[in-house]
Amino acid sequence: MLFIGHSSCGAIKAASGDYAGLEPAIVKELDTIRIDKGVANIDGVTRNVHNQVADALADFADKVKEGHLLVVGAVYDFNNDMKQGAGKLKVIDVNGESDPARIKLLLAGDESKHGAY
Ligand SMILES: [Zn+2]
């Protein structure tokens, strides 16, 4: 399961501002984006990705625990807001792990098994 946010996201921009006066259907959608008001867009984007991963981990806890499901959160940063190169898809969350070095290990799991043969 893969959640992808992106830089310069209009939904995140709206959710981090005062949207109370917008149409009720839009307000209802924006209410589901749990980020702080006034945050930088890329920070709101990454927070939202982590939130989506956390929600999925709660919803599918059994499948994740059994090893049948990997929940991955990533940001497509076409603006280079994360200063790691424009146009990169940056994985920022794997099953709730957000430490870059540990993410690398988690994603390399199968590779390391192959190395043991
Ligand atoms: Zn967007």
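**View 1. Val-72 and its bridge partner Val-94.** In this predicted model, Val-72 finds its bridge partner in β3, and that partner is Val-94.

**View 2. The open sheet of 3 strands.** Zooming out from that pair, we get an open sheet with its strands in the order β1-β2-β3. Pairing here is mixed. Who sits at the edges? That would be β1 (2–6) and β3 (88–94), each of which pairs on one side only. Going from one strand to the next, the twist averages 25 degrees.

**View 3. Helix α3 on the sheet.** Now bring in α3, the helix spanning residues 41–59, which packs on the sheet. What does α3 touch there? Its contacts take in β1, β2 and β3. Compare directions and you'll get about 165 degrees between α3 and β1.

**View 4. The protein chain, end to end.** Follow the sequence and the elements come up as β-α-α-α-α-β-β-α-α. Along the principal axes, the C-alpha atoms fill a box of roughly 60 × 35 × 15 Å.

**View 5. Burial and contacts in the protein chain.** How much of the protein chain counts as buried? The figure is 19% of its 117 residues. As for contacts, take those between residues at least 6 apart in sequence: 50% of them join residues at least 24 apart.

Notes. Residues are numbered from 1 along each chain as its sequence is written. This is a predicted model: local features need pLDDT of at least 70, side-chain atom pairs count only at pLDDT 80 or more; totals for chains, interfaces and linings use all residues. Two strands pair if DSSP finds at least two bridges between them. Helices (H or I, at least four residues) and strands (E, at least two) are DSSP runs, numbered from the N terminus. Axes are lines fitted to C-alpha atoms, for helices over the stretch in contact, and angles run from 0 to 180 degrees between N-to-C directions. Two residues are in contact if their C-beta atoms, placed from the backbone, lie within 7 Å. A residue is buried if 20 or more other C-beta atoms lie within 10 Å of its own, exposed if 12 or fewer, and partly exposed in between; C-beta atoms are placed from the backbone.
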